[in-house]
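Subject: A structure for you to look at

Hello,

Here is the structure I promised to pass on, with some notes to read beside it. Please have a look at it first, and then carry on below.

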Amino acid sequence: MLSKTAKVEALNNFSTNLEIEGRSLWQDARIRFMRNKAAMVSLFILFLITLSVIFVPMFSQYAFDDTDWYAMHAPPSVDHWFGTDSLGRDLFVRTFIGGRISMMVGVMGAFVAVLIGTLYGAASGFIGGKTDRVMMRILEILYAIPFMFLVIVLVTFFGRDIILIFVAIGAIAWLDMARIVRGQTLSLRGKEFIEAAHVCGVSKWGIITRHIVPNVLGIVAVYSTLLIPSMILTESFLSFLGLGVQEPMTSWGALLQEGAQTMELAIWQLGFPALFMVVTLFCFNYVGDGLRDALDPKDR
Amino acid sequence: MLKFILKRILEAIPTMLVLITVSFFLMRFAPGSPFSSEKTLPPQVMANINAKYGLDKPVLEQYVTYLTNVIQGDLGPSFKYKDFTVNELVASALPVSAKIGAFAFVFALVFGVFVGTIAALNQNTWLDYSIMSTAMIGVVLPSFVLAPALIYLFSIDLGWFPAGGWLDGSLKYMVLPVLGMSMLYVATFARITRGSMIETMNSNFIRTARSKGLSFPYIVMKHALKPAMLPVVSYMGPAFVGIITGSVVIETIFGLPGIGKLFVNAAFNRDYSLVMGVTILIGFLFILFNAVVDILLAYVDPKIRY
């Protein structure tokens, strides 16, 4: 039998040999996310699509607004991989240029929405009391307004500016975000470390930005990933009605609209943009689901 | 219960007021006028037109006049279709949208819940997986991709249904618009139903019902369905809103003379009073339907206190 000191020594040896690494929430989430095959594949495809919408138009032999009068409605061939549209413009380049606009609007719109929504929700939840009630009442009123219709009014009357579209779309979508963040903030507010910050004399704004916002970041990340596809859809919706980006610039929605008009004689004009858009939306949804599973603390 | 309903309806009034105010001032401050065309009119004629529509009065007075008219149910004259009032235009378009919308909504709800329940009761079998992956496609595919695809398949290729038109709402002309409009909501209702049904079927009171020896269909219909419907009922509001908004696209694609098409045309024509009228009407429908859903939810969910 070993003596007590020997036991302690053996235990010490054992524990130094064991490499126990502390894992933060984010490391943990990353490991779980990496294990999710569907999400990883989607992320990889999204990465490829992002790269190609940035670089393909730069290196293509055609410009997106080059018209070729000898190749109108040309089916896919070696010259024009995706065929051409009704003005003989190369659809391969146009699909990627359109993707660039759609993705940009999606990301920017989601960014605007997340920014407004997070700050509004965090402020409302943290300040509480009367302010919270008033802020939530305002939110409820905004909920009941048919925003899509107001956006259509806005873009028809104030000009079809891409910046305006960003702002208009982003301004609709922050409502849900604000509600979610408010709920999270309410549950955080009672925690000890917030009280500690209070006691230390940190200002309300300081507590919101330094303590509340970082802690709701997980759920914000999930919802922003799910928000991007819905933003892309909204932009396409507007472009489809002819209210989004204007010729010769294009987006997936605008391409789909043109394609739908000519699908009887040139189905590829509808097919290729639709394919890219649907794949992108699919991938964003899977990545969002994967992130949610990875960051959900209930799932431990 | 009556008090709750009354309170819910009273709450809708300020929302309505905000909506009317926002749309009124948005219109008034929009650049350009519905009467500015390529041909510039003589100033006397312009003044006469402005006087006829009350546009020469101070904005605040116009606002008060408009508000009182709207409260009395009068949405004013159309600026573009000179012989019609907004009420007449809306009255001719609303039945079309209402018919398609109602069909789409009922179809989405019934079929979605049915399919979702089947998937839940066959959890993790091939049936479940195939239903749910189809639903995923339905969620992702936007209506303006789906509708042209439906036209391509069923009208051009197979020639089963007409590609557009209305023909007084005969059934044949309605199939494709209703399908195109409702697929997203069929899929969403199915996903929601499946999730909540699985949760309900695993709960204690279902186990009790089973151990009593009740038949399986009886348990599902009598015990599980009502509690499983809670999230479905609360999604009915957003689905209704989405179907109305979606009507803009569907009616444009299929060339239907409904509210959505009327609205888009009015926006393109800068027909301020018509745009405003339709926006207010739709807002009113949103608010009304959300109130109905809330009341329904209070009825279905015993946990909600009123």
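Let me start with the second largest pocket, which has a volume of about 540 Å³. A pocket here is an open set of points on a 1 Å grid over the protein atoms alone, with protein on both sides within 12 Å along at least five of seven lines, whereas a cavity is a set where a 1.4 Å probe fits but cannot get out; lining residues have an atom within 4 Å of a point. Grid points are joined across faces, edges and corners, and a volume is the space filled by probe spheres set on the points.

Before going further, please note that this is a predicted model: local features need pLDDT of at least 70, side-chain atom pairs count only at pLDDT 80 or more, and totals for chains, interfaces and linings use all residues. Residues are numbered from 1 along each chain as its sequence is written, chains are lettered from A and ligands numbered from 1 in the order in which they are written, and side-chain values use heavy atoms, with hydrogens and water left out.

Back to the pocket. Its lining has 21 residues, and those nearest the centre are Met16(B), Ile20(B), Ile280(B), Phe284(B) and Leu288(B). Helix 12 (272-300) of chain B is among the helices that supply at least two lining residues, as are helix 1 (2-28), helix 3 (59-71) and helix 4 (86-121) of that chain. With nine residues, helix 12 of chain B gives the most. Helices (H or I, at least four residues) and strands (E, at least two) are DSSP runs, numbered from the N terminus. The lining counts 18 nonpolar, three polar and no charged residues, where Ala, Val, Leu, Ile, Met, Phe, Trp, Tyr, Cys and Pro are nonpolar, Asp, Glu, Lys and Arg charged, and the others, Gly among them, polar.

Phe284(B) lies in helix 12 of chain B. With a relative accessible area of 41%, Phe284(B) is partly exposed (buried means under 20%, exposed over 50%, partly exposed in between, with a 1.4 Å probe and protein chains only). Setting aside neighbours within four places in sequence, Phe284(B) is in contact (heavy atoms within 4.5 Å) with Met16(B) and Leu19(B).

Chain B also holds Asn124(B), in the loop between helix 4 and helix 5 (126-140). Asn124(B) has a positive phi of about 65° although it is not a glycine. Most residues other than glycine have a negative phi.

Now to chain A, which has eleven helices and zero strands. Its radius of gyration (taken over C-alpha atoms) is 25 Å, well over the 19 Å that the globule rule gives for 300 residues, so chain A is more spread out than a compact globule. That rule is 2.2 Å times the number of residues to the power 0.38. Buried residues make up 47% of chain A.

The count comes to one cavity of 30 Å³ or more. Its lining is Asp85(A), Leu91(A), Leu255(A), Glu258(A), Gly259(A) and Gln269(A), and helix 10 (residues 252-261) of chain A gives the most, with three residues.

Finally, confidence: pLDDT is the predictor's confidence in each residue, from 0 to 100. Chain B has a mean of 83, and 95% of its residues reach 70 or more. For the complex, the predictor gives an ipTM of 0.74 and a pTM of 0.78.

Best wishes
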